[in-house]
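The exercises below concern helix packing and a chain interface. Work through each task before reading its solution.

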Amino acid sequence: MNIKINGEETKLPCDKPTVADALQWHLSALERKQSFAVAVNSSFIAKDNYTTTPLASNDCVDIFLPIQGG
Amino acid sequence: MALNIYGQHLNSRLLIGSALYPSPEVMKNAIIASGSQVITLSLKRQNPAQQAGAKIWQYIKDITAQTNGHLLPNTAGCKTAKEVVTLAQMSREIFNTDWIKLETIGDDYNLQPDPIELLNAAEQLIALGFKVLPYCTDDLVICQRLYDLGCQVIMPWASPIGTGKGLMNPYNLETIRMRLPDATLILDAGIGKPSDACLAMEMGYDGILLNSAIALADNPIMMAQAFAAAIDAGEQAYLAGIMAQRQTAHPSTPTLDTPFWHQT
């Protein structure tokens, strides 16, 4: 299935992926330990729901990390 | 006297941003020198492989541990209430705080908040349990509406973000203070000099939020100390009671029996 992760086309090697599958595919084990949050199609997905939130073809998964701010 | 942010009492009345410093080490030292107990930060879409976010986040965590500080995530870059709500929810999960500095930009040229989206976003965030600190213009009615929605803290601008122009409309800011006596008012954005911060505190503002004026100084650490001193001075002046202005001169020195009085 094709989705976008942070704006980049990504092909996931499964038919019924979840958010957890996308993160597993896209991030290393070390990267998954970092502080980040996820939105799918501009809606927040809580960490507890990664494994139960299904993805559809062309969904946009965005990963957000802390940065400096004013 | 302590600064009250949603029942959290803080010794410092300065809230400080974490952006634009020459280096993370200067950021850390400037924030510590400022005495601030509230640090603003943000979220950005990025790949964890880049590691930049993780490094900055570690620096900020170190600072808050050292200062017993609080995080104030912002919604910088958002233009709609929907974007704000998504970013705020992500911030709450990562930073483990209900505080959110609400920003909804309505104009890219002067980064002026969009008042319609601001009110809409504030209402939604409060319904979701957030403690909202909205950044707004110095429009009394917008400030009043935000307060009526349940925003205990209101943060009108001094002037557009990053301009350093100081208090463009002191009359508006004084009016907001007078009309919202029970709100926690924090002047946010546009501060350029410590005297700007002092002036707002002399008006009775409860605190100052700034970033560029410290981060872009030639010596950010020294400037952080200057702002801390100016904010303390302004607060003490307000509490002490500033004399009323008078239209005509009044001699300070008693004139009765002064030498040579009879010669005039």
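A crossing is left-handed if the near helix is turned anticlockwise from the far one by less than a right angle, and right-handed if clockwise. Helices (H or I, at least four residues) and strands (E, at least two) are DSSP runs, numbered from the N terminus. The model is predicted: local features need pLDDT of at least 70, side-chain atom pairs count only at pLDDT 80 or more, and totals for chains, interfaces and linings use all residues. Residues are numbered from 1 along each chain as its sequence is written, chains are lettered from A in the order in which they are written, and side-chain values use heavy atoms, without hydrogens and water.

**Exercise 1.** Describe how H3(B) packs on H4(B).

Step 1. Axes are lines fitted to C-alpha atoms, for helices over the stretch in contact, and angles run from 0 to 180 degrees between N-to-C directions. For H3 (residues 81–95) and H4 (residues 115–127) of chain B, the axes come within 8 Å and cross at roughly 40 degrees.

Step 2. H3(B) passes H4(B) in a right-handed crossing.

Step 3. Contact means heavy atoms within 4.5 Å. Ala81(B), Val84(B), Val85(B) and Ala88(B) of H3(B) touch Glu117(B), Asn120(B), Ala121(B), Gln124(B) and Leu125(B) of H4(B).

Step 4. These residues divide into six nonpolar, two polar and one charged (Ala, Val, Leu, Ile, Met, Phe, Trp, Tyr, Cys and Pro count as nonpolar, Asp, Glu, Lys and Arg as charged, and the others, Gly among them, as polar).

**Exercise 2.** State how H4(B) is oriented to H5(B), and what forms their contact.

Step 1. The axes of H4(B) and H5 (residues 140–149) of chain B come within 10 Å and cross at roughly 10 degrees.

Step 2. H4(B) is therefore roughly parallel to H5(B) (angles under 35 degrees count as roughly parallel, over 145 as roughly antiparallel, 65 to 115 as roughly perpendicular and the rest as oblique).

Step 3. On H4(B) the contact includes Leu118(B), Leu119(B) and Ile126(B), and on H5(B) it includes Ile142(B) and Leu146(B). The contact residues divide into eight nonpolar, no polar and two charged.

**Exercise 3.** Characterise the interface of chain A and chain B, including its salt bridges.

Step 1. The contact takes 27 residues from chain A and 31 residues from chain B.

Step 2. The two chains bury about 2400 Å² between them, 60% of it on carbon and sulfur atoms (buried area is the accessible area, with a 1.4 Å probe, that two parts lose on being put together, summed over both).

Step 3. A salt bridge is a side-chain nitrogen of Lys or Arg within 4 Å of a carboxyl oxygen of Asp or Glu.

Step 4. Lys47(A) pairs with Glu93(B) at 3.8 Å, N to O. Arg45(B) pairs with Asp62(A) at 3.1 Å, N to O. Arg45(B) lies in strand E4 (residues 38–45) of chain B and Asp62(A) in strand E5 (residues 60–68) of chain A, so this pair joins two chains.
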